[in-house]
Amino acid sequence: MACRQVVETPCKVNLHLGIHRGRDGRGYHRVDSVMVPVSLCDTIVVEDAPALEVCHEPALEIEPERTTAWRAATMLAAELGESPNVRVSVTARIPEKAGLGGSSADAGAVLRALAQRWDVDVHDERVVGVARRVGADVAFFLDPHPGLYLGAGDVLEQTFPEFAVPVALVMPAVDGVSTKEAYDEFDRAGEAPAGYEAACAALASGDVAAMAASLYNNLAPAACSLCEDVAAVSSWIARQQGVLGSMVTGSGACSFALCERMDVAERIARDARETRGWRAWAATCGGALG
């Protein structure tokens, strides 16, 4: 029987991101990451095909074989002894070089779909192991719920109850900051991270004001120093009325603001687009999507 699977995969923001100096054997930094899903989504469709095909809309400038979706499919197939005879179609809405986890979200969605197709639990250690090899954030997108991830930001330590808070996402119109550039700059001038306990306590209790007060990212200064437009967005969004708290997410270039109400998030996104020429979205963070 023909099988067609459709997965809506959210992006993420980091309520806390603490980067430690030094790298492990894989070349990754030790990372303390408190991530929550955000309802700006890519759509992944997985269908039967004679052989593996991967396509993106809009089209990418790299070959399909170099995408995270392709790597996820081939690596999981090899791990499970399956043949990846599927067509993977990605409709991308999550911007790249944003710190929102776009390519990781796509890889996680492919792994979710293929695990279901091949009758393997998404939490199976073989699936999780592949996710961690594909990329540091991919494990989060296997089952995107609010969580604390340690190791290289790829080892789930603790999950938290879902919540729903309006969020504005704003990033420059120019290309963002590459993850490699941000980490290289951190290695040059970054500071030791603060603890993640406050963010975890806020999530555990569902205290949105405490979540906003505990926002933290010691990679943000690197992103802001590499791109003055990232710094401009970060400064602007923090000054907007109705913002509970704001921060650069991940390695940039997107900043996010937890907002009092959805109409506040919508106003901030609209003003960012219309008066600044930036890219912006109003969404909801804290809840998982299927």
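**From the whole to one contact**

Modeller: The protein exposes about 12,300 Å², and carbon and sulfur atoms supply 48% of that area (accessible areas come from the Shrake-Rupley method with a 1.4 Å probe, and for residues only the protein chains shown count as cover). Please keep in mind that this is a predicted model: local features need pLDDT of at least 70, side-chain atom pairs count only at pLDDT 80 or more, and totals for chains, interfaces and linings use all residues. Residues are numbered from 1 along each chain as its sequence is written, and side-chain values use heavy atoms, with hydrogens and water left out.

The secondary structure comes to 10 helices and 11 strands; these are DSSP runs numbered from the N terminus, with helices (H or I) of at least four residues and strands (E) of at least two. Along its principal axes, the C-alpha trace spans about 55 × 40 × 35 Å. Buried residues (under 20% relative accessible area; exposed is over 50%, partly exposed in between, with a 1.4 Å probe and protein chains only) make up 53% of the 290 residues.

Now to your pair. The axes of helix α1 (residues 68–80) and helix α3 (residues 125–134) come within 10 Å and cross at roughly 145°. Axes here are lines fitted to C-alpha atoms, for helices over the stretch in contact, and angles run from 0 to 180 degrees between N-to-C directions.

Which residues make the contact (heavy atoms within 4.5 Å)? From α1 come Thr 68, Arg 71, Ala 72, Met 75, Leu 76, Glu 79 and Leu 80, and they meet Arg 126, Val 127, Val 130, Arg 133 and Val 134 of α3. Together they divide into 7 nonpolar, 1 polar and 4 charged. In that count, Ala, Val, Leu, Ile, Met, Phe, Trp, Tyr, Cys and Pro are nonpolar, Asp, Glu, Lys and Arg are charged, and the others, Gly among them, are polar.

Two loops beside these helices deserve a glance too. The loop between β3 (53–57) and α1 holds Pro 58, and the peptide bond from Glu 57 to Pro 58 is cis, with omega near 0°. The loop between α2 and α3 holds Asp 119, whose phi is near 60°, a positive value in a residue other than glycine. Asp 119 is exposed, at 73% relative accessibility.

How values were computed:
Contact means heavy atoms within 4.5 Å.
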